[in-house]
Amino acid sequence: MEALAQVVTYEGPGGLVIHIEQPALAHLYRNAQHKCWSREAGGQLFASIKHNRWVVTKATGPRTTDFRSRFGFRPDRKAERAEILALFQEGLHYVGDWHTHPQNVPSPSHTDIRNITETVQASEHSLSGFLLAIVGRLPAPDGLWLSFHDVRGGYAKCPLRCNLSSEN
């Protein structure tokens with residue numbers, strides 16, 4: 001089994017730099033769908049933001065109140081709103097959503113794109129967009145899809161800039 005990255009860094013639009021730190025990565029990969037009976041999991045991503053640099057330090061979910069199946073995940077939106085308010089008091093900004101797919105190298109479905117687009121457009125925030133992370137069965141970076149979704153409905157996959165694994 002490959003070592004889990006300590007930090008992965010991606011490039012977003014307009015010079016945005018996105019670091020996903022090890023505690024957040026570890027949370028995502030604890031929920032990866034490695035077994036044939038594993039259900040999808042998901043949650044939210046929270047970051048400290050300084051200028052054009054987002055440092056994702058926390059990933060939340062799944063919750064017992066979420067709907068989860070082998071090929072579907074629907075979060076408890078009321079619980080998510082409470083997380084956003086509580087973590088904002090700790091200086092963390094909601095920057096997007098994550099969920100798992102039962103694929104080695106995941107890619108978003110049309111439903112995934114529609115859901116994050118609706119979220120970024122319906123939310124009250126000062127960011128230019130939100131992230132969508134999809135966790136596959138392979139470790140990051142191959143098994144982690146990351147895209148940036150803007151308020152106009154466009155999106156772009158974020159290219160990997162740097163991957164620091166525990167073996168480096």
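**Close-up views of ring pairs, charges and salt bridges**

**View 1. Phe46 and Tyr94 are both buried.** The model shown is predicted. Phe46, Tyr94 and Phe130 are joined into a cluster by ring pairs. The structure has three aromatic pairs. One of them is Phe46 with Tyr94, an edge-to-face pair with 6.1 Å centre to centre and 65° between the planes. Phe46 belongs to strand S3 (residues 42-50) and Tyr94 to strand S7 (residues 93-100); at 48 residues apart, they link distant parts of the chain.

**View 2. Trp54 and Phe148 form a tilted pair, with ring centres 6.0 Å apart and planes at 50°.** Trp54 and Phe148 are both buried.

**View 3. Two arginines, Arg70 and Arg74, lie over phenylalanine rings.** Arg70 places its charged end over the ring of Phe71, 5.8 Å from the ring centre. Arg74 is found over the face of Phe67, and here the distance to the ring centre is 4.5 Å.

**View 4. Glu11 and Arg161 are joined by a salt bridge.** By the rule applied, the structure has seven salt bridges. In the one shown, the N to O distance between the side chains of Glu11 and Arg161 is 3.7 Å. Glu11 is part of strand S1 (residues 5-11) and Arg161 part of strand S11 (residues 160-165), so the bridge ties together parts that are 150 residues apart in sequence. Glu11 has a relative accessibility of 35% and counts as partly exposed.

**View 5. Arg63 forms salt bridges with Asp66 and with Glu80.** The bridge between the side chains of Arg63 and Asp66 has an N to O distance of 2.9 Å, and both residues are buried. For Arg63 and Glu80, the closest N and O atoms are 3.8 Å apart. Arg63 sits in the loop between S4 and strand S5 (67-69), whereas Glu80 is in helix H2 (residues 77-88), so this bridge ties together parts that are 17 residues apart in sequence. Glu80 is buried, as is Arg63. Through shared partners, salt bridges join Arg63, Asp66, Arg77, Glu80 and Glu83 into one network.

**View 6. Val151 lies in the loop between S9 and strand S10 (155-157).** Val151 has a relative accessible area of 41% and is partly exposed. Apart from neighbours within four places in sequence, Val151 contacts Val120, Gln121, His125, Leu127 and Ser128. Leu127 is 24 residues away from Val151 along the chain, and their C-alpha atoms are separated by 8.8 Å.

**View 7. The protein chain has three helices and eleven strands, shown here for orientation.** The order of elements from the N terminus is β-β-α-β-β-β-β-α-β-α-β-β-β-β. The radius of gyration is 15 Å, in agreement with the value near 15 Å for a compact globule of 168 residues. Along the principal axes, the C-alpha atoms fill a box of roughly 40 × 40 × 30 Å. Of the 168 residues, 48% count as buried. Among contacts with a separation of 6 or more, 64% are between residues 24 or more positions apart. The accessible surface is about 8800 Å², and carbon and sulfur atoms account for 52% of this area.

How values were computed:
Residues are numbered from 1 along each chain as its sequence is written. This is a predicted model: local features need pLDDT of at least 70, side-chain atom pairs count only at pLDDT 80 or more; totals for chains, interfaces and linings use all residues. Side-chain values use heavy atoms; hydrogens and water are left out. Rings of Phe, Tyr and Trp (its six-membered ring) pair if their centres lie within 6.5 Å; planes under 30 degrees apart count as stacked, over 60 as edge-to-face and the rest as tilted. Helices (H or I, at least four residues) and strands (E, at least two) are DSSP runs, numbered from the N terminus. Buried means under 20% relative accessible area, exposed over 50%, partly exposed in between (1.4 Å probe, protein chains only). A charge sits over a ring if NZ of Lys or CZ of Arg is within 6 Å of the ring centre and within 35 degrees of the ring normal. The radius of gyration is taken over C-alpha atoms; the globule rule is 2.2 Å times the number of residues to the power 0.38. Contact means heavy atoms within 4.5 Å. Accessible areas come from the Shrake-Rupley method with a 1.4 Å probe; for residues, only the protein chains shown count as cover. A salt bridge is a side-chain nitrogen of Lys or Arg within 4 Å of a carboxyl oxygen of Asp or Glu.
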